[in-house]
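Dear colleague,

Please find below the structure that I am handing over to you, followed by an account of what was found in it.

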Amino acid sequence: MSRALLSVSDKRGIVEFARELVSLRWEIVSTGGTAEALRREGIPVVLVEHVTGFPEMMDGRVKTLHPKVHGALLARRNNSGDLAALQQHGITPIDLVAVNLYPFRETVAKPQTTFAQAIEQIDIGGPSMLRSAAKNHESVIVVVDPDDYPLVISSLKDGSLNDLKRTLATKVFAHTAAYDAAILGYLTRSQEALPETLSVVLQRRQPLRYGENPHQRAGLYVTEEAGIRDMHQLHGKELSFNNLLDVDAAVMAVAPFGSKDARPACVIIKHTTPCGIALGRNAADAYARALATDRTSAFGSVIAFNTVVDRAAAEAMRDLFVEVVVAPRVDAEALAVFKEKKNLRVVELPRFPDDPTLDYKRIRGGFLVQDRFRYGGVADESKWQVVTTRRPTDAQWNDLRFAWAAVGSIKSNAIILVRDEAAIGIGAGQMSRVDSSFLAVHKARQQGHDPRGAVLASDAFFPFRDGVDEAAAAGVTAIIQPGGSVKDAEVIAAADEHDLAMVLTGMRQFRH
């Protein structure tokens with residue numbers, strides 16, 4: 001008779017799994033709550049303390065850490081020395097282990113969890129049994145995922161387990177690695193300095209057809225952090241590598257307008273930078289105003305909203321070729337309109353919590369790590385200063401606030417021209433700030449917008465007065481920028497010379 005050890009925190013499917021094993025003439029060894037759950041259902045169980053000859057102790061901290069458990073798991077069935085040791089010490093081999101771990105991540109995710117409570121959710125015996133069984137997977141079946149129970153039973157019945165054992169063992173090591181990474185992350189997250197060691201576990205969510213270019217392999221991998229793992233595709237072709245980059249950029253761009261009382265916002269993204277962004281009375285109006293920024297560049301774009309997309313918004317997009325629409329929710333009538341285009345990708349992505357987390361930038365042979373950019377970190381108006389003789393009007397203040405919220409999502413060097421809380425010209429990714437200023441004005445005029453009376457935001461300081469001169473020549477009336485240049489005095493003097501209002505925020509918004 002074969003022997004299985006079942007000890008699970010997540011008890012989904014465990015009764016049915018044990019019942020199937022018993023029907024196949026397996027003996028069940030179990031612990032604590034798992035044994036109790038099985039006995040209630042009439043499944044015969046041998047308690048682990050009867051195997052070890054030693055009781056559970058220290059409130060369950062020690063129950064399976066025993067040679068009669070780990071010897072039973074680690075003994076190689078084709079090794080005469082191992083088999084002799086089993087016989088000498090009266091150890092019965094264990095041929096299957098089903099274990100999942102204390103819910104550490106779920107526990108520490110609750111704000112009320114104390115440090116002591118978190119520590120008690122660090123599983124010791126479970127990972128030890130999993131690793132022993134996985135190491136000896138040629139002889140022992142190891143199951144860490146309840147979703148694999150039916151597959152294991154069917155493989156036991158048809159004799160196809162040999163091909164499955166290594167796959168199951170691989171899942172175990174991935175699971176324990178992620179578990180240990182979560183513990184490390186918890187123990188280091190309150191430190192002011194970045195930790196000495198970081199462990200990031202990535203799980204493949206889906207393979208992708210190719211990367212940025214067709215000759216590059218690609219896949220989407222996710223972490224436990226809220227974000228792209230929560231995305232739900234409602235319609236359309238499979239998302240591509242470049243689509244996903246643009247979706248991430250789009251969600252970042254509407255994030256500053258994510259409060260519950262925020263007005264509807266829409267951003268249109270091309271190559272990870274906005275070519276249109278605006279607020280509106282509703283989703284359709286916000287889209288129309290964002291599209292007006294640059295109708296030419298909007299072709300083949302990713303469009304994101306901070307609000308529910310309704311039928312009116314979907315109808316407004318009918319005539320434009322769009323790659324992806326992303327929103328917190330898309331209502332049924334809007335989805336019906338979108339489904340008229342079979343290739344249009346429509347995804348729902350809930351608003352992310354604005355918790356402080358780390359951001360990683362891959363470089364060859366390593367990662368650059370920084371605090372994730374949060375708009376709240378640069379939006380404290382108590383630190384803003386009007387440094388010119390002319391002060392902004394109330395209408396200009398509204399536009400300056402919007403422009404400052406919008407410019408952080410534009411590739412540096414970034415300049416945005418805004419009127420009535422909508423972009424009318426965007427200069428992105430230029431090597432000099434004066435060229436970005438020129439480009440923003442050029443794009444505005446190209447699309448039929450008059451820059452006169454608009455406000456301007458710059459993601460970083462003006463190193464020279466030429467960017468201000470360029471803006472003033474176009475008729476810009478107010479500027480918001482971080483300041484901090486050694487030539488701030490010259491830049492401010494230029495603004496006064498042109499009778500512009502200028503606000504310094506003291507905070508930069510580079511986006512490389």
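Predicted model: local features only at pLDDT ≥ 70, side-chain atom pairs only at ≥ 80, totals over all residues.

Two strands are taken to pair if DSSP finds at least two bridges between them. Strand 14 (residues 358–363) and strand 15 (residues 366–371) run antiparallel and are joined by six bridges. Within this pair, lysine 361 has leucine 368 of strand 15 as its bridge partner. The two strands form a hairpin with two residues between them. In the turn, glycine 365 has a positive phi of about 85 degrees.

Positive phi values also occur at residues other than glycine. Threonine 272, in the loop between strand 9 (265–270) and strand 10 (273–279), has a phi near 65 degrees. Its relative accessibility is 16%, so threonine 272 counts as buried, the cut-off being under 20%. Aspartate 499 has a phi near 60 degrees and is found in the loop between helix 18 (488–497) and strand 21 (501–504). With a relative accessible area of 43%, aspartate 499 is partly exposed.

A further backbone feature is the cis peptide bond that joins serine 412 and asparagine 413, with omega at about -10 degrees. Asparagine 413 is found in the loop between helix 15 and strand 17. Isoleucine 415 belongs to strand 17 (residues 415–419). Isoleucine 415 is buried, because its relative accessibility is 0%. Leaving aside residues up to four places away in sequence, isoleucine 415 touches a set of residues including Gly425, Ile426, Arg433, Ala440, Leu456 and Phe462. Alanine 460 is 45 residues from isoleucine 415 in sequence, and the C-alpha to C-alpha distance between them is 9.1 Å.

I turn next to helix packing. Two packed helices are described by the angle between their axes and the distance between the axes. The axes of helix 1 (residues 14–23) and helix 9 (residues 149–158) come within 10 Å and cross at roughly 10 degrees. The two helices are therefore roughly parallel, since angles under 35 degrees are classed in that way. In this contact, Ile14, Phe17, Glu20 and Leu21 of helix 1 meet Tyr149, Val152, Ile153, Leu156 and Lys157 of helix 9. By class, the contact has seven nonpolar, no polar and two charged residues.

Threonine 34 lies in helix 2 (residues 32–40) and is buried, because its relative accessible area is 3%.

In soluble globular proteins, nonpolar side chains tend to be buried together. The largest nonpolar core here has 49 residues, of which Val267, Ile277, Val326 and Ile416 touch the most other members. Helix 15 (residues 394–407) supplies the largest share of this core, eight residues. A second, separate core of 30 residues includes Leu101, Ala118, Ile183 and Tyr186. Returning to valine 267, its contacts beyond four places in sequence include Ala250, Val254, Pro274, Ile277, Val302 and Ala304.

Yours sincerely

Definitions and conventions
Residues numbered from 1 in each chain as written. Heavy atoms only, no water. Helix = DSSP H or I, 4+ residues; strand = E, 2+ residues; numbered from the N terminus. Buried < 20%, exposed > 50% of the residue type's maximum accessible area, 1.4 Å probe, protein only. Contact = heavy atoms within 4.5 Å. Axes fitted to C-alpha atoms, helices over the stretch in contact; angles between N-to-C directions. Parallel < 35°, antiparallel > 145°, perpendicular 65-115°, else oblique. Nonpolar A, V, L, I, M, F, W, Y, C, P; charged D, E, K, R; others polar. Core = buried A, V, L, I, M, F, W, Y, C linked by side-chain atoms within 4.5 Å.
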